[in-house]
Amino acid sequence: MDYTVMMPAAGSGQRMGAGYNKLFLQLDHKPIIIHTLLVFEGDPACKGIILAVKPDERQEIQSMLDRFEISKIKVIVDGGTERQYSVAACIEAHAENGIVLVHDAARPFLKRSVIADLVQKATEFGAAIAAVQPKDTMKTATDGVVEETVDREKLWIIQTPQAFKYEVLKAASELAARDGFLGTDESMLVERLGHPVQIVESTYENVKMTTQEDLAFGEIILKRQLEDFV
Ligand code: CTP
Ligand code: MG
């Protein structure tokens, strides 16, 4: 079952504190965004990539795409001031039914088996998201005082990719735009439609490069993945 991926890459990487878009930072001589794109470039089931970028970074990103021979880009759209707006621009640029994945350019260590599970579940049920369970004990607290210990079995840490039937994602995005609702991920918008969202168990390696220490984890994960492939 094939799919198209929508990839928001128009952030500014404030929390990374590099002074420029964190996606340009290199891991093993390649920018983070290229590592992420290569996962899809190498997946035969991926039939195209829609990329959202900042208008003033378009040229730099285009030259990276050329240099690393990324061939599956269908269209590059202008991102917005919020991640959700960047994804909305991708949705608008792609009016084809079928399965779409939304995946952060800042998550370069995605496993192809997770993609396959997501596509299968989204095909069957309309919406599926990658997630892992917390490893630590979880509690709620107010003003620094514990209220209760939460049943960890019921908790999931949500990642991307998130996979949808195109028409489900589009309807969710349009409803959010109409209501002026801003969510933190696409599945939140789909939940507002009343559409059930399936969880697909992902890997702890699928971390988002957000702060400086993530880069250190990233170096280790990359090394492990390269060793796996030889
Ligand atoms: N993103 C986007 N458009 C925005 C904001 C974010 O396309 N207006 C993208 C980022 O480039 C990233 C993904 O959404 O690939 C996840 O966002 P996040 O990790 O928060 O990245 P940034 O917003 O760049 O980082 P920060 O929040 O620390 O500024
Ligand atoms: Mg952000």
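Is lysine 74 buried, partly exposed or exposed? Lysine 74 is partly exposed, because its relative accessible area is 42%. Buried means under 20% relative accessible area, exposed means over 50%, and partly exposed lies in between (1.4 Å probe, protein chains only).

This is a predicted model: local features need pLDDT of at least 70, side-chain atom pairs count only at pLDDT 80 or more, and totals for chains, interfaces and linings use all residues. Residues are numbered from 1 along each chain as its sequence is written, chains are lettered from A and ligands numbered from 1 in the order in which they are written, and side-chain values use heavy atoms, with hydrogens and water left out.

Stay with lysine 74. Its side chain meets that of glutamate 96 in a salt bridge (3.3 Å, N to O). The pair links distant parts of the chain, 22 residues apart. Lysine 74 sits in strand S5 (residues 73-78). Glutamate 96 sits in the loop between helix H3 (83-93) and strand S6 (99-102). Helices (H or I, at least four residues) and strands (E, at least two) are DSSP runs, numbered from the N terminus. Glutamate 96 counts as partly exposed because its relative accessibility is 34%.

The structure holds 12 salt bridges. A salt bridge is a side-chain nitrogen of Lys or Arg within 4 Å of a carboxyl oxygen of Asp or Glu. Another joins the side chains of arginine 107 and aspartate 104 (3.9 Å, N to O). Arginine 107 is buried, because its relative accessible area is 9%. Aspartate 104 is buried too, with a relative accessible area of 9%. Arg107 and Asp104 belong to a network of salt bridges that also includes Arg83 and Glu186.

Glutamate 205 and lysine 111 also meet through their side chains in a salt bridge (3.5 Å, N to O). Glutamate 205 lies in the loop between S11 and helix H7 (212-229), and lysine 111 in the loop between S6 and helix H4 (112-125), so the pair ties together parts that are 94 residues apart in sequence. Glutamate 205 counts as buried because its relative accessibility is 14%. Lysine 111 counts as partly exposed, at 29%.

Now turn to strand S7 (residues 127-132). Six of its six residues are buried. Ala127, Ile129 and Ala131 point one way from S7. Ala128, Ala130 and Val132 point the other way.

Which strands pair with S7? Two strands pair if DSSP finds at least two bridges between them. Five bridges join S7 to strand S10 (residues 157-165), and these two run antiparallel. There, alanine 131 has isoleucine 158 of S10 as its bridge partner. Four bridges join S7 to strand S11 (residues 198-201), and this pair runs parallel. Valine 200 in S11 is the bridge partner of alanine 130.

Next, the loops. Threonine 137 is found between S7 and strand S8 (138-142). Threonine 137 counts as exposed because its relative accessibility is 55%. Not counting residues up to four places away in sequence, threonine 137 touches Thr149 and Arg152. Contact means heavy atoms within 4.5 Å. Threonine 137 and threonine 149 are 12 residues apart in sequence and 7.5 Å apart in space, C-alpha to C-alpha.

Proline 55 is found in the loop between strand S4 (46-53) and helix H2 (58-67). Proline 55 is exposed, because its relative accessible area is 52%. Proline 55 and valine 168 are 113 residues apart in sequence and 28 Å apart in space, C-alpha to C-alpha.
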